[in-house]
Amino acid sequence: MMLTAAVLALSSAATFVNGLPNTVPLQLDKGFWQGNFTVGSNQTFSLTVDTGSFAILVKEGLYKPSSTSQQTNISEFIQFSGASQDGTGPAEETIFFVRDDVTFGGVTVHDFLVGNITQGDDLPGDGVAGFSPPASDNDDFSSGQGIVETFCTEGKLSPCEFGIVLQTDGKGSVTFGPMDETKVKGNVTVLPAMSHDSWQILNSTEADSPILVVDGKPFSHIMPTFDSGGPNVIGPLGQVRDLLTSVGYNITEQTIDDITVALGTYDCARKPARVGFSFPPSGEVHYIDLEANVLNRTADGRICTANILGTSTRDGAPLWAIGQTWFQGRYVQHDLDHNTLSFADLA
């Protein structure tokens, strides 16, 4: 699950935003979009760009400190869901934080809080690069510890915005600065989002909350978080079971460590269900790209698995994570100045 070499090579025609390049390439590897980050002692790691978390985390045994690295007394135990290609695998990580140099897109931040995983389960690539808003539940983490937030507070990025631009051919990028509207078509949808912790969409009432849509019909109001680090669209186990049953899919379930997950399989010869989301007051439905929503096919090509996962960890509330399958074919803009998330289809 490693990226090929020279992923971050920039053409001589690249433009820059206060020192950052406008565009830094990403590559899709086994369901996760990864970029090259240099951490510590001049090591380059392939880290999953994850808008569902905020920290830089390097997989167990890989991190080597630079000469200016400093130990901290901060440690953390973190549980991830959707840490495998099919989204079913959880991961538990014991992390000790250090302060060291981190470089992305050719720009370095010093004395940055880096999570050195000392014990834990396997993760995609070499670890995780968090692009969520700053964490709110820990004073040690809440200010200046997200990589984008740090770029902004140090004057390397203004306005404080970035985009996740994922094509349907396995190519993608992180963009810095305002949305490049020459790369999109149709309407640009702008949504209010949380200022801390996650890119969760805010709404004042259930009636104006986003709607899960299946084959053109409203299925349920939901509370979505946009999470580029997840390989699937993930929802509560009960709701996903109902969705899969309603479209005639067979349900495959497994339970690991008291967590039950469910996926849907179907005959590849049939017309697959279309799953998307609408965001009131607009009634426009934004569907997952059909090819991106095929998790896998059997060796004979007869049975397909849909890239929608139900999990018991989300039961009790209509909490959905809109993962990278939905991002494909779209330009998704994240504005930390105004706490908004915007998106449009790629031109």
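A cavity, on a 1 Å grid over the protein atoms alone, is a set of points where a 1.4 Å probe fits but cannot get out; its lining residues have an atom within 4 Å of a point. Its volume is the space filled by probe spheres set on the points.

This is a predicted model, in which local features need pLDDT of at least 70, side-chain atom pairs count only at pLDDT 80 or more, and totals for linings use all residues. Residues are numbered from 1 along each chain as its sequence is written, and side-chain values use heavy atoms, without hydrogens and water.

**Exercise 1.** Find which residues line the largest cavity.

*Solution.* Start with the search of the whole structure: one cavity of 30 Å³ or more turns up. Next, take the volume of the largest cavity, about 30 Å³. Finally, look at the lining, which is made by Leu243, Tyr249, Ala273, Val275, Asn293, Ala306 and Ile308.

**Exercise 2.** Work out the order of the strands in the four-stranded open sheet.

*Solution.* Strands are DSSP runs (E, at least two residues), numbered from the N terminus, and two of them pair if DSSP finds at least two bridges between them. Begin at the edges: β15 (217-221) and β21 (285-287) each pair on one side only.

Terms used
1 Å grid on protein atoms, 1.4 Å probe; cavity = no way out; pocket = protein on both sides within 12 Å on 5 of 7 lines; lining within 4 Å.
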